[in-house]
Amino acid sequence: MNARLLVEREAVATLFGRPCRAQLERVTPDLQRYDVRFDVRTMVRGEDRVIREEQRIVRVAYLLTEQHPVLAPLVIAGEGDLFCTHVFDPRTPGTSLPPIPLMCLGGFSVEQRIANWIFTTYYVLGWKRIATDHAVNREAAAWACKQMPSGRFPIEKRTFYTDEPARDGGGCGRVRLHEETTR
């Protein structure tokens, strides 16, 4: 096990040291898999192709390798019916991607921690962070572009941490871990 995996475990423990809308379900002994449950209002699209808002518990797995952070983590949503620009719909025909709900949270840099991605995942699932120009779900991106003027976003109005007041729909906070310094 490399030293960075130990740093990741500490950063995740710090993140979950405050009451929040996510729960750490499991960390494997090798520190290469983190399973997290998010209590979030999100968008789904069923087999009937109807898009709707739902309050859900969404499971997400963060998979790291022994070479982490040289190799970026793999992030997989536990539900295949999530309708989100950042979540690949496994029912999409004619693609080279495997039929699993892969999540794209952007590039992973050496300075980032999995804890940062856990925090970001909540806002991605709640449609507070929306990628339309480089989406993995193009149908969700097209739908989002049409919906932008409606004021419907974000879908999830609650903040990640339960001990802080709700904000307006404007910006999203960023978690700063104790080992990070301001620039």
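Trainee: Which residue in E2 stands opposite Val27?

Mentor: Tyr34 in E2 stands opposite Val27. This is a predicted model, with local features taken at pLDDT of at least 70, side-chain atom pairs at 80 or more, and totals for chains, interfaces and linings from all residues. Residues count from 1 along each chain as its sequence is written, and side-chain values use heavy atoms, without hydrogens or water.

Start with the strands (DSSP E runs of at least two residues; helices are H or I runs of at least four, all numbered from the N terminus). E1, residues 22-27, pairs with E2 in the antiparallel sense over 5 bridges. Pairing needs at least two DSSP bridges. The E1–E2 hairpin has 5 residues between its strands, and Leu31 in the turn has a positive phi of about 60°.

E2 also pairs with E3, again antiparallel, over 13 bridges. There, Arg37 has Arg59 in E3 as its bridge partner. This hairpin too has 5 residues between its strands; Arg49 in the turn has a positive phi of about 70°.

Now the core. A nonpolar core joins buried Ala, Val, Leu, Ile, Met, Phe, Trp, Tyr and Cys residues through side-chain atoms within 4.5 Å; buried means under 20% relative accessible area with a 1.4 Å probe, protein chains only. The largest one has 43 residues, and Phe38 and Trp127 are among those with the most contacts inside it. E2 (33-45) and E3 (51-63) are among the elements giving two or more residues. H2 gives the most, with 9.

Trp127 touches Thr42 and Met43, among others. Contact means heavy atoms within 4.5 Å.

Terms used: Buried < 20%, exposed > 50% of the residue type's maximum accessible area, 1.4 Å probe, protein only. Lists of a residue's contacts leave out its neighbours within four places in sequence.
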